[in-house]
Amino acid sequence: MTSTFPNISISTERLVLRPLDEDDIPALAEMMNDEQVAAWTDVPQPFTEDAAHAWITEYAPAERTGGRGLDFAVTEFLTQRLVGIVQLAKTDWHIRSTELSYVIAPWARGEGYASEAALATSQWVLGDQKFERVELRTAADNTASQQVAQKIGCISEGVLRSACIAHVRTEDGTWTDVRTDFIVWSLLPEDLEGADGELADTGGFTSYSDWN
């Protein structure tokens, strides 16, 4: 029997991580059309509201019920505005391992939201869900993503050479693929103690089951 993640919400001092819903479609489409998102992810460009609708109503539910992963909408606690996405993917229930990634909207960068959301998700999956490993992969030149991995306590394990496809603008304004390296990071249950001190002002997290 395939294991699946519960449909939950996680709350920190500033953020609520919850399932995506259809009200997120315009903000999700806008965020995914950002230049940095296009450069470092495989999100199709341009990213339409129809694509956002399919992600929210088809892809994300199928990933969760199929046991492959979990998508969180990251929202500000006070404004409920969508500030980003945190994803768990490539989940292996036998070895209790999953891969974490994150995207933050351009207007919300520099506020520590990526670190706060990534740490809360990692604490939940390694604590409540009893996983043994969270893995992150960052493109070699994506220093912002690497800083998030370091801040939440991840350990750099090495480099996967020429394992990542990034994207750059061409002179005619279109995107072209470029090969680069992946830096592999991991977070184990025993690594969380160091990250707790770094982000102590987030006040930890609270999870709410059966979100609807």
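Visitor: What makes the charged end of R81 count as sitting over the ring of W107?

Guide: This is a predicted model, and in it the charged end of R81 is 3.6 Å from the centre of the W107 ring. The distance limit is 6 Å, so that value passes. There's an angle test as well, within 35 degrees of the ring normal, and R81 is listed as sitting over the ring.

Visitor: Why is the pair of F5 and W93 called tilted?

Guide: Check the planes: they're at 50°. Under 30 degrees would be stacked and over 60 edge-to-face, so 50° lands in the tilted class. The ring centres are 4.8 Å apart, and a pair needs them within 6.5 Å.

Visitor: And what does that pair tie together?

Guide: F5 is in the segment before β1, while W93 is in the loop between β4 and β5, so the pair joins parts 88 residues apart in sequence. Ring pairs also link F5 and W93 with F72, W124 and F131 into a cluster.

Visitor: How do you know that F5 is buried?

Guide: Its relative accessible area is 0%, and buried means under 20%, so F5 qualifies. W93 has 17%, which is still under 20%, so W93 is buried too.

Visitor: Why is the pair of F47 and W55 called edge-to-face?

Guide: Their planes are at 85°, which is over 60 degrees, so the label is edge-to-face. The centres lie 6.1 Å apart, within the 6.5 Å limit. Both F47 and W55 are buried. A search of the whole structure turns up six aromatic pairs.

Visitor: What makes the link between the side chains of T91 and T98 a polar contact?

Guide: The distance is 2.8 Å, and the limit for such N or O pairs is 3.5 Å. A polar atom of the T91 side chain also lies 2.9 Å from the backbone oxygen of R68. Leaving aside neighbours within four places in sequence, T91 is in contact with residues including F5, G67 and F131.

Visitor: Which residues touch the most other members of the largest nonpolar core?

Guide: Among them are F5, F72, Y102 and W124, in a core of 36 residues. Helix α4 gives the most to this core, with nine residues. There's also a second, separate core of 18 residues, which includes L20 and A29.

Note on methods:
Residues are numbered from 1 along each chain as its sequence is written. This is a predicted model: local features need pLDDT of at least 70, side-chain atom pairs count only at pLDDT 80 or more; totals for chains, interfaces and linings use all residues. Side-chain values use heavy atoms; hydrogens and water are left out. A polar contact is a pair of N or O atoms within 3.5 Å; within protein, one must be able to donate a hydrogen and the other to accept it, and residues adjacent in sequence count only if both atoms are side-chain atoms. Contact means heavy atoms within 4.5 Å. Helices (H or I, at least four residues) and strands (E, at least two) are DSSP runs, numbered from the N terminus. Buried means under 20% relative accessible area, exposed over 50%, partly exposed in between (1.4 Å probe, protein chains only). A nonpolar core is a set of buried Ala, Val, Leu, Ile, Met, Phe, Trp, Tyr and Cys residues joined through side-chain atoms within 4.5 Å.
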